[in-house]
Amino acid sequence: MTILAARLTVSASVWGWIALGVTVTALVILIWAYARVRSWDMALRLAFVLKLLACLLLALCLAEPLLHSTRAKPGANAFAIVADNSQGMTIRDPGAAGSRGEQMKTLLTPETAPWLAQLKDQFLVRQYTFDTRLQRLSEVGDLTWQGRASAMYTALDTLNQRYQGRPMAGVLLFTDGNPTDIPTVQAAPGVPVYPVLTGTAKQPRDLAVTNVSVTQTAFEDAPVTLMADVAASGYAGKTVTVTVTSTEGAMVSQDTWDVQASEAKQVFRFRLHPDQTGVLFYTVQVTESLKNDAVAPLTEATQANNQRTIMVDRGEGPYRILYVSGRPNWEFKFLRRALEEDPQVQLVGLIRVAKREPKYDWRGRTGEQTNPLYRGYDPDDPSLAEQYDQPVLVRLNTRDKDELSEGFPAKAEDLYPYHAILLDDVDASFFTQDQMELIRKFVAERGGGLMMLGGSESLERGAYDRTPIGALLPVYVDKTLDAAASGPVRMSLTREGWLEPWARLRDNEQAEKDRLADMPAFRVVNQIRRAKPGSRVVAAANEDAPAMVVQSYGRGRSGVLTVGDVWRWGLSRPDLTADRNKFWRQTLRWLVADVPERLDLTIEQAGDQPDQAVVLRVETRDKDFTPLDDVTVTLEVAQGQDEPVTLQAEPDLKERGVYRALFRPRTSGAYLARAMISHGTELLGTVETGWTVDFEAREFQSVQVNQTLLKELAQKTGGQVVQARDLDQFVKALPAKTAPITETLVRPLWDLPGVLPLLFGLVLVCFALEWTLRRWRGLP
């Protein structure tokens with residue numbers, strides 16, 4: 001019988017008093033007998049102790065000693081058996097007769113598991129299985145190992161909550177120790193966890209794409225950079241191939257790797273240049289490279305982790321930029337030519353060809369109120385003709401006849417449709433105070449971009465100091481060294497400029513240095529005093545004065561290009577013309593990047609859900625970018641060619657204009673979501689995005705049994721790791737471990753097998769040794 005604790009007591013009956021009297025009498029006689037010995041040595045002392053011990057043992061026999069033992073009360077405590085039903089259990093370890101799941105199934109089958117019957121005799125056994133969630137296990141045959149996730153911590157947390165306040169003695173956990181969820185605060189249950197090791201610590205042979213990430217830049221040569229982490233185990237001396245394919249299956253890029261070590265990892269970088277816009281999907285796959293078809297590939301632990309799919313959102317466009325100039329110049333001409341090669345960016349021009357004139361009483365012709373520049377156009381409405389007290393403006397590339405008809409926008413609903421504003425050689429007097437404040441809000445609240453170009457009426461010469469526009473610029477415009485100074489000006493990249501992909505025109509450092517050395521000199525630069533704290537100086541003029549400075553401002557970004565004659569860059573050679581055009585395209589792409597739209601759809605992970613559930617977040621704004629609270633948001637989610645699932649988004653109670661809907665994917669793959677926002681019967685617009693779900697990649701991120709994690713889990717919960725071969729011994733000793741409900745057993749010490757013969761044998765040995773020592777010393 002296994003006991004938790006034991007203690008020995010003596011009965012307080014009449015036999016106890018008799019035993020006490022006999023013991024005292026024997027001690028008196030023993031002391032009197034040995035007191036007569038005149039000379040004591042070590043032998044006599046040992047004889048005295050042996051006889052004293054024999055007397056005490058005889059007295060103990062008369063006292064009727066009782067043994068009090070404590071153990072887990074049979075049938076009163078629950079004990080859980082939790083089995084992993086995820087796909088990771090299908091892996092077969094090197095040298096194993098079956099997969100981890102098959103080994104676990106043998107251990108849980110009553111016919112082949114005698115320990116299971118012993119456990120049920122002592123505890124109320126409850127069997128569970130888990131993959132994405134915890135479930136009851138009726139029969140061992142229900143284990144299929146097709147679960148998409150291994151939510152071990154979630155299962156233990158659920159079990160802990162389910163048995164809150166109920167007697168639970170422990171949890172026997174069958175898993176490989178590779179959970180796909182993250183431990184929460186309550187993930188470790190308040191009961192001991194006993195992980196059972198069914199696999200081996202040896203790493204199986206496997207190829208895996210462990211992680212994939214993507215970054216997008218305005219760098220034209222490679223606007224999309226895809227990073228793939230690849231791991232190879234057991235492929236030393238082999239060559240593997242990493243391939244990137246599109247949704248249609250076309251190969252986009254490929255690279256090879258000669259594996260040198262048995263356990264090796266490699267990071268691959270792919271630079272992509274998609275020729276499509278919108279939501280795109282790419283698949284990264286790793287395979288063994290075979291020299292010929294006659295060579296068979298090595299057998300892997302699993303091929304489910306050999307590929308990953310990732311989403312790239314290239315945007316739909318068009319991105320509209322409002323160019324405002326205080327006078328006709330060459331810059332707008334070359335800007336338009338540069339952007340002709342980028343169909344996603346549209347440049348709308350508002351150019352002042354004549355400044356305001358004082359309004360006098362006399363005119364060139366009697367009664368003429370309009371500017372003579374517009375004489376002969378004969379507009380339908382004479383009031384629309386330019387007046388003498390108004391500047392003469394020319395609109396270029398407008399969407400319709402009404403766009404910018406009143407000059408620079410004075411209302412948010414007219415300015416906010418643009419993504420960025422370029423101010424080129426235009427002074428502050430061109431704008432009213434309200435228009436400058438509107439520009440500041442355009443950047444800070446709407447999230448747009450603003451860049452001011454150099455010129456004789458820019459920056460400090462444009463009187464922008466202490467204005468809303470001057471406040472959002474990344475440089476101080478209160479005082480300059482020598483505004484619009486002339487002379488040879490050579491542009492170079494600063495340390496921060498080298499880190500900005502959009503500021504570079506070549507894909508390697510040496511080529512970029514050669515380009516900068518070959519770049520022609522400029523003649524005009526607005527010399528500013530210094531940049532504001534928090535801004536970034538991307539380029540320098542003559543290596544000391546800031547030439548291009550940028551910063552984040554509110555939700556948007558602003559920048560200053562102090563060079564006033566960028567158009568000179570490409571006048572001498574065609575290759576320099578191409579560089580100038582590329583510079584403008586990359587700079588303006590950076591300026592409009594991340595500018596929010598009126599209607600926006602994003603994907604948010606719904607916490608760390610094992611089923612990889614996502615929240616579809618739709619943000620809606622009016623034309624002036626005020627939140628919309630009275631719209632209907634309908635979502636359609638489709639995977640490949642399957643029929644889309646329709647969802648109705650609910651308003652967020654904490655954020656105005658935000659609507660949310662929860663979606664739980666069922667299978668791995670690429671998902672495309674489309675949101676349709678309507679007000680009554682009027683469709684305000686649609687927006688779409690995508691994301692990928694890869695259950696296998698997370699499940700098979702590690703194919704080795706994680707014994708370290710299981711040992712840590714057992715240690716934190718007060719349990720222990722159990723080897724599969726030791727289950728019988730473990731179950732036998734289990735009642736002796738801590739349990740919520742225990743029982744106390746009281747019985748005579750003599751009922752224990754072998755105790756009484758052992759006691760009397762010890763008494764006889766003590767008397768015999770004592771007699772021998774006395775006779776040796778010549779005593780009676």
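**Contacts, rings and hidden spaces**

Biologist: Which residue has a side chain joined to that of R352 by a polar contact of 3.1 Å?

Modeller: This is a predicted model, where local features need pLDDT of at least 70, side-chain atom pairs count only at pLDDT 80 or more, and totals for chains, interfaces and linings use all residues. Residues are numbered from 1 along each chain as its sequence is written, and side-chain values use heavy atoms, leaving out hydrogens and water. A polar contact is a pair of N or O atoms within 3.5 Å, one able to donate a hydrogen and the other to accept it; neighbours in sequence count only through two side-chain atoms. At 3.1 Å, the partner of R352 is D427.

Biologist: Is R352 buried or exposed?

Modeller: You will find R352 in strand β16, residues 345-354; strands (E, at least two residues) and helices (H or I, at least four) are DSSP runs numbered from the N terminus. Its relative accessible area is 5%. Buried means under 20%, exposed over 50% and partly exposed in between, with a 1.4 Å probe and protein chains only, so R352 is buried.

Biologist: How far apart in space are R585 and A218?

Modeller: R585 belongs to helix α12, residues 574-592, and is buried because its relative accessible area is 6%. Along the sequence, R585 and A218 are 367 residues apart. In space, their C-alpha to C-alpha distance is 8.2 Å.

Biologist: What is the backbone nitrogen of A511 facing at 2.8 Å?

Modeller: Look in the loop between α10 (495-498) and α11, where N508 sits. N508 counts as partly exposed, because its relative accessibility is 38%. At 2.8 Å from the A511 backbone nitrogen lies a polar atom of the side chain of N508.

Biologist: How are the rings of W257 and F268 arranged?

Modeller: The whole structure holds 20 aromatic pairs, meaning Phe, Tyr or Trp rings (the six-membered one for Trp) with centres within 6.5 Å; planes under 30 degrees apart are stacked, over 60 edge-to-face and the rest tilted. In W257 and F268, the ring centres are 6.2 Å apart and the planes meet at 70°, so the pair is edge-to-face.

Biologist: Which parts does that pair tie together?

Modeller: Both W257 and F268 are buried. W257 comes from residues 251-258 and F268 from residues 263-272, so the pair links parts 11 residues apart in sequence: strands β11 and β12.

Biologist: What is the volume of the largest cavity?

Modeller: A cavity is a set of points on a 1 Å grid where a 1.4 Å probe fits but cannot get out, and lining residues have an atom within 4 Å of a point. The search finds 2 cavities of 30 Å³ or more. Among the residues lining the largest one are W502, R515, W569 and F583, while β21 (491-493), α11 (509-518) and β23 (536-541) each supply at least two lining residues. Its volume, the space filled by probe spheres set on points joined across faces, edges and corners, is about 90 Å³.

Key. On a 1 Å grid over the protein atoms alone, a cavity is a set of points where a 1.4 Å probe fits but cannot get out, and a pocket is an open set with protein on both sides within 12 Å along at least five of seven lines; lining residues have an atom within 4 Å of a point.
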